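This briefing is intended for a reader with the sequence and the model at hand.

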2 protein chains.
Amino acid sequence: MRYSKSPSAREVSSAASLRRRPGQVVTLGFLATIAVGTLLLSLPVAAEGERATFVEALFTATSATCVTGLIVTDTPVFWSGFGEAVIAVLIQIGGLGVMTLASLLGILLTRRLDLSSRLVAAASTRSVGLGDVRGVLTRVLKIALVVEGVCALVLTGRFFTTYGMPLGEAAWQGVFHAVSAYNNAGFSLFSDSLIGFVGDPWVALPISAAVVVGGIGLPVIAEVMRALRTGRRPRRWSVHTRITLWMTGVLLAGGTLFFLAAEWTNPGTMGPLGTGDKVLSAFTQSVMPRTAGFNSLDTSQMHHETWLGTIILMFIGGGSAGTAGGIKVTTFAVLAIIIWSELRGEQDVNVFDRRITPGTQRQALTVALLGVAIIIVPTLWITASTPNISVDKILFEVTSAFTTTGLSTGITAELPWFNQLVLVPLMFIGRLGPITLGTALALRSRQRLYRMPESAPIIG
Amino acid sequence: MRYSKSPSAREVSSAASLRRRPGQVVTLGFLATIAVGTLLLSLPVAAEGERATFVEALFTATSATCVTGLIVTDTPVFWSGFGEAVIAVLIQIGGLGVMTLASLLGILLTRRLDLSSRLVAAASTRSVGLGDVRGVLTRVLKIALVVEGVCALVLTGRFFTTYGMPLGEAAWQGVFHAVSAYNNAGFSLFSDSLIGFVGDPWVALPISAAVVVGGIGLPVIAEVMRALRTGRRPRRWSVHTRITLWMTGVLLAGGTLFFLAAEWTNPGTMGPLGTGDKVLSAFTQSVMPRTAGFNSLDTSQMHHETWLGTIILMFIGGGSAGTAGGIKVTTFAVLAIIIWSELRGEQDVNVFDRRITPGTQRQALTVALLGVAIIIVPTLWITASTPNISVDKILFEVTSAFTTTGLSTGITAELPWFNQLVLVPLMFIGRLGPITLGTALALRSRQRLYRMPESAPIIG
Ligand SMILES: [K+]
Ligand SMILES: [K+]
């Protein structure tokens, strides 16, 4: 029972190959980048002291390219200036690569949806052309340059003026942390990440801002920038942008309150700070699980319930088609809206006066529950093979790897090498999985042959 | 904008009140049963030694009525014969009450679905009449009597002949454990539950069989019994029955293999046993998380990964409209089938040549994710307020309470009284929540006024 194509066969096959191509090209590109990175980081010149082992080089290259930020070595101590530069370049390639891929897939998707809703068979708009790639790449680079530039300038100034660093070192620190922040990588050249700057808004806020902008995704940045130029009112913005902005606000506010409530008196984290610094550190901590991975409080000293809350924030992640990981805020929001509509007895699943398509609902369910499954399996495995580490620490680390967050309770460096290697494919799957899966599901043409009679098994 | 009713106003309002009534009546009935049980268990005659505190009596009465089986006191040591009898009666009322409620709601649901699919407005079949209640109750009591009777006879014989109990004691032990097993309650009159019988198939198997039959649900039992009489082939059974039987088989087989793999060498559980006893204990352990709560291996000695696996099995639970808890196997199966269909690019969500309605899909999502949310909140709270207990033990205990399983790593009795009280409403919500929620969602009439334009925010 073959489905007989309605557009011409040539057209469909060319569309199909173009449809498949962006994901394949970027997957191969990531693998090649990781391979080259591993090679470079294995060189004696990359390490400060003894040369890196294969596992150390592979783990670090994967963590940098997938903008995860988990580390098995102390970045500033272990790696030389050359090694640090390699890491920065890998982060930049990885972050911009994912942003470009996701944006191209987004264009494809929008055209496809426009097409099917308008019922116009304009074959030329069904594929991504060279012009699109050039356009997206230019835009991705421009925005990155501006955000990273501003962030690097502020940081460099602060490091130079207040912390007495020589200008060269201040500039390198500024650039590295700006790149690491905008690409949501979370690598730091300070052994204790941002803990030394817990009360300094001139370091915490520019980094947080770059993280949020990078993690909110290109479609939202582009739409807000266009709106600022044209004065288009927020009520007329796309549903995607409005959901993303709302969820980002809700999660930042909720996260700040959660960290304040959970850690206020903890002597290992917020306890010793003044009220202002407490609020600043709580805000910074609420930005970082989604999914930058810097920390200005000591993660290993946090309460267990704070870890659980952080795990949930990491799992939700940031915006689509940006540098953030996780299942994405829109995925989470769609699931929440389905439940809300169902409890209210609505016939449709509506948000912002738009009806969310059943296909989108199933995609959200698939991306979220597959994410849960992908986290459970390595958690079980590492728990079974590393009995001296508590389960919530392992769940934290696995979630951090899958969502490419990079926050750590400190166990990654302690894990046996074979379990460090378990995290390598997990970072890769976490980086490219939800994006390519979500788009692949949305893009696929579905056969409409005949329908089965309905059935409603008892639920609950 | 009011929806104008198509059936007569009287008809709709009577249907609405009948629709609401079964759930309300049973909720009030449960609360009354718990209140009376608390009172009886507070009497000095109910305790062997010192009289029970209010929290002990309330917790035990709730745990028995909600057929959970979590305990704050050692049942055979703390309670007198009178107290044990009260517990057995509460279990019987609770188990049969839930089965009756769920079956009545199921009848309502079937009629409603038949109605809407046939587009026939036969008002008389839209409600549950006294005849239905009598019919269901008779059938529920008959099946319970047969299954509990057979189980009790086998157990009594075994206890009398092999374990040298006097006949009276053997009979009481047999009846109590048969009632506790069929109603999936998991209360035991042995301080170490079934650990003393780990290698005895004449105790483990009748109890496991009663647990599976009670937990598989009345609709499935009724359909299989009818099929045995009429010779109707399994291929023609209802989708609900086929999903439930398949999932039960898969989970029992998978659970057995999981426990064998995880615990084979554990000196605290399976390690010292011979191969045959290992398999028997693994099978018994795979039956109990769904959701009976007996244990023939020492739960507190299991590995952490075994706890995680058990948590997942408890969350899935048993069949609908039976004595089992959890989100139910059909709910889990529907979610799995949605994901599978989505990954395969099917337009519809089909199983056994039937299309699962979008409404059913949303209900499954709602029941499952609300279940996750309801488990996360008390887990966070208890973790924050009881810092000396590890998170996975707390998650285990909270899941056990919500899914009315009653398995325990041993911390429930250790928890401070205010956290024991947190588990009381959780057991109640876990017992009545998924059933009433699932049916309420399915029964509700949805307004069809106008539809919003479609929107597909980016997922993943
Ligand atoms: K990161
Ligand atoms: K139970």
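In this predicted model, the side chains of A:Thr405 and A:Thr403 are joined by a polar contact of 2.6 Å. The points below begin with A:Thr405 and then turn to other sites in chains A and B.

- A:Thr405 is located in the loop between helix H14 (391-402) and helix H15 (417-443) of chain A.
- With a relative accessible area of 0%, A:Thr405 is buried, because buried means under 20%.
- Leaving aside residues up to four places away in sequence, A:Thr405 touches A:Thr68, A:Ala185, A:Met288, A:Pro289, A:Thr291, A:Ala292, A:Gly293, A:Met314 and A:Ser400.
- The C-alpha atoms of A:Thr405 and A:Val67 are 7.9 Å apart in space, while the two residues are 338 apart in sequence.

**Surroundings of B:Ser400**

- B:Ser400 belongs to helix H14 (residues 391-402) of chain B and is buried, with a relative accessible area of 0%.
- A polar atom of the B:Ser400 side chain lies 2.7 Å from the backbone oxygen of B:Leu407.
- B:Leu407 is also among the residues that B:Ser400 touches, together with B:Thr68, B:Leu70, B:Met314, B:Thr405 and B:Gly406, not counting residues up to four places away in sequence.

**Nonpolar core**

- The largest nonpolar core contains 172 residues, and A:Leu423 and B:Leu423 have the most contacts inside it.
- Not counting residues up to four places away in sequence, B:Leu423 touches B:Phe59, B:Leu70, B:Ile382, B:Val398, B:Ala401, B:Thr412 and B:Leu415.

- Helix H13 (residues 358-385) of chain A packs against helix H11 (residues 304-316) of chain B at an angle of about 150 degrees, and their axes are 8 Å apart.
- Angles over 145 degrees count as roughly antiparallel, and H13(A) and H11(B) are therefore roughly antiparallel to each other.
- H13(A) contributes A:Ile376, A:Thr379, A:Leu380, A:Thr383 and A:Ala384 to the contact, and H11(B) contributes B:His304, B:Glu305, B:Leu308, B:Gly309 and B:Ile312.
- Five of the residues in this contact are nonpolar, four are polar and one is charged.

**Positive phi angles**

- Most residues other than glycine have a negative phi.
- A:Phe352, a residue other than glycine, has a positive phi near 50 degrees.
- A:Phe352 lies in the loop between strand E1 (350-351) and strand E2 (354-356) of chain A, and is partly exposed at 26% relative accessibility.
- B:Val67 likewise has a positive phi, near 40 degrees.
- B:Val67 is placed in the loop between helix H2 (54-65) and helix H3 (75-78) of chain B, and counts as buried at 0% relative accessibility.

How values were computed
Residues are numbered from 1 along each chain as its sequence is written. Chains are lettered from A and ligands numbered from 1 in the order in which they are written. This is a predicted model: local features need pLDDT of at least 70, side-chain atom pairs count only at pLDDT 80 or more; totals for chains, interfaces and linings use all residues. Side-chain values use heavy atoms; hydrogens and water are left out. Axes are lines fitted to C-alpha atoms, for helices over the stretch in contact, and angles run from 0 to 180 degrees between N-to-C directions. Helices (H or I, at least four residues) and strands (E, at least two) are DSSP runs, numbered from the N terminus. Angles under 35 degrees count as roughly parallel, over 145 as roughly antiparallel, 65 to 115 as roughly perpendicular and the rest as oblique. Contact means heavy atoms within 4.5 Å. Ala, Val, Leu, Ile, Met, Phe, Trp, Tyr, Cys and Pro count as nonpolar, Asp, Glu, Lys and Arg as charged, and the others, Gly among them, as polar. Buried means under 20% relative accessible area, exposed over 50%, partly exposed in between (1.4 Å probe, protein chains only). A polar contact is a pair of N or O atoms within 3.5 Å; within protein, one must be able to donate a hydrogen and the other to accept it, and residues adjacent in sequence count only if both atoms are side-chain atoms. A nonpolar core is a set of buried Ala, Val, Leu, Ile, Met, Phe, Trp, Tyr and Cys residues joined through side-chain atoms within 4.5 Å.
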